[in-house]
Amino acid sequence: MSEFIEIKGASIHNLKSIDVRIPRNKLTVITGVSGSGKSSLAFDTLYEEGKRRYLLFSGTQFSSDPIPKFDSITGLSPTVAVEQRIIRQSNSRSTVGTRSKIGNLIAILYASYGQRNSSYGDKTPLAMEFFQRNSPKGMCVKCLGSGRYQEINEDAIIKMDMLIKNIFDGFLLKHRFHKSNFNKFCQMHQIEVNEKIGLLSDEQLLLFKYGCRKSGFVGAVVVFHDMQKHKSNLNARHNSADKEIMLWGVNIAPVTCPKCNGCGLGEEAIHTTISGKTITELENMYLDKLLTFFETEKDEMPGRNVIDDIIVKLRCMVDVGLFHLTLARPLPTLSGGEIQRLFLATIIIAEMDSITFIFDEPTIGLHETEKDMLITIIQNLVKRGNTVVAVEHDENVMRVADYIIDIGPDAGINGGELIFQGSFEQFMSCKNSKTAPYLSGEKTMKPKLQFKAVDNQKLLTIANANLHNLRDVFVSIPLGLMVGIAGVSGSGKSSLISGTLVPKLKQLLKGKFVHEDDDDMTSMDNDALVSGTEHIKKCIVVDQKPIGRSKSSCPATYTGITDRIRALFAKTEEALENGYSLGMFSVNSEGGCRACKGEGFTQFHIGHGNWMDVKCEMCEGTGYITEALSVTLDGKNIMDIMAMSVSEAVMFFGREGSESYDKLAADILITLESVGLGYITLGQKTPTISGGEAQRIKLAKELSKQKGAGNVYILDEPTTGLAFSDRDRLITLMQQLVDDGNTVIVTEHDPLVLTRCDYLIEMGPGGGSNGGYIIAEGTPKELIANKQSIIGNHLEKVKR
């Protein structure tokens, strides 16, 4: 068998027909600047070909790509891709327990050996389904397994402003389904349509609320329920993050289900225990504590075989750095790095060999102290007889790799070349690489020479913070500085900033708060106090959640550039002659292909819950109809422009005097370029955009709108996925915001970013139940000298 996987003539996306050799049964790191073509080689070439061969072998009639973008690939074993794109984890009911299958094992344990309270249940034998909230047999009948429901306060509906509102303020008259019967009701009971609610008799009010059979009117409360249900369905259909519903001036916010107390389970599960604990109590334990529980109690518990299996799986999850999670944690709330490590744990448990594993920056979201364990686990995969290929920027992983492949030299059309392949030692002397000089010490990041002092008159203070594992935290965040929030995984960083500060700022700042992913704030710490908001002009929260609301969303639509591009096309001579409107140049309107609805592909089920995208034959994958593609702007049609990289588009729309000149579009594109996104294409679909890229797109959008001083920017690991040189550019941009009089609050693991902060707040000392405290705060220099600080040791090692 060949010692190498050999790829000849790889040419997908920006790859320039490169020949690459990857040693089998070794750890290979593919590196290079952001957008150079690393993922195109690892995922779009290597993984896709492995998947194609599997489908060919399995006898499916569909091919993943009928026209391969390479000449040949030899020596390839079955491939498994472990990506960190969070948008693919879209089922809101999926949890760490369901994904890892540990939840199923614990459900089996309770069904077989649980002690049921004899006062509850109907004596039906316990079954596994009774302990699964997604099962009709196990879910709470009131909240249907969600643990929450939208409570409608009938008194608030009817009694609110009773002497001001008429009998539904025209609400029913606008609803065609109820209008006729409502009029009959009014005539039958001699009520004026504009009668004030407070003037109705007790009998009339009762009929108005709950209906009148003779007239066919179902009642105001039922109508309100119907409207609430309709609006909830609309929110779900459009993936709206706004969980609160407002109808007729009444807010309907989700509340904890009173029947199941938020666990989502039925009576049987709620009143069944093992070793004195319900299944909900186990699911809400941090994984390291859950592991300790089973290891301590296993000799006293029945079902030893099942328990041993649970312990093995839990130990794997703790080893990959997921000790701070719970089995009840919803999958969509995990970061890209956590999703990868969850998948990695299932791989370790399966004990597979002779596989080619392809990882996408597996160290994302890990503290420096946690990376060694992950690296050891990946090396053990190699020792077991597997080939591991990792797209990675992290220096720790590159230094232990058996083989390095560098793609570059730059991003987009200026990348796609093979710069280097060989050992790490040889890589250190590579002169053409943009990465090697940083590793060898020949080139270092720009040092920060001046640190801004804290103004004690301008502090944003959080008090009494107790959300999740926070321990009555009191902390003051100095404004006008770059402030870093550090700490190991699960130490409480997100609970403090995303879970406490952000919801409180939304509540206090109202219209001065900008956060498009307007999450359900019902789980926030209501007892926490935030003061100092009078110093804030506006707060802009920029996170790593996917951009846009649909699969057709892309950087151009999200930033608003698409509207300007369509307007330019609609003004061309050809468009005016044919009467084409702006909609002709949209895949979501009249310009979209009828067969694939503008997607450019159709989906086919290939078994086992898996789907395959096949290029649409009618539009040949463009998503547009022929008429839309026939119109050109400076020689480019709409498809050509959407395929441009941001850097190409800057040149295209920035040429004064040309047909395509648009200063506003060019300015937005320049901002995208400044945050290290010059390589992405305008039409790149949301599912292919990583969390780090999504955050930088959001940041660019806000930077192109928000000007002046006094703003607070809250960022979550913004350097995720960036190479050394790109990271330097982003840090410079963040510093510019501070120099302009703004505040940047950045949650970060990267010691390089933290050394560039003016002030640091470190959470810890551990994760989960071992965290939740402020263990150190001050300047980077002060944390280096602080013996309580964990990150301080790593800050000292950073080359300045």
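I began with strands β18 (residues 482–486) and β26 (residues 759–764), which pair in the parallel sense over four bridges. Strands of a sheet pair through backbone hydrogen bonds, either parallel or antiparallel.

A note on the source: this is a predicted model, where local features need pLDDT of at least 70, side-chain atom pairs count only at pLDDT 80 or more, and totals for chains, interfaces and linings use all residues. Residues are numbered from 1 along each chain as its sequence is written, and side-chain values use heavy atoms, with hydrogens and water left out.

Next I traced the sheet, which is open, has seven strands in the order β19-β21-β24-β25-β18-β26-β27, and shows mixed pairing. At its edges I found β19 (513–514) and β27 (773–778), each pairing on one side only.

One joins G764 and P765, with omega about 0 degrees, and P765 sits in the loop between β26 and β27. Another joins G408 and P409, with omega about 5 degrees; I located P409 in the loop between β14 (403–408) and β15 (417–422).

I found E361 in the loop between β12 (356–360) and α13 (368–383). Is E361 buried or exposed? E361 is buried, at 8% relative accessible area (buried means under 20%, exposed over 50%, partly exposed in between, with a 1.4 Å probe and protein chains only).

Notes
Two strands pair if DSSP finds at least two bridges between them. Helices (H or I, at least four residues) and strands (E, at least two) are DSSP runs, numbered from the N terminus.
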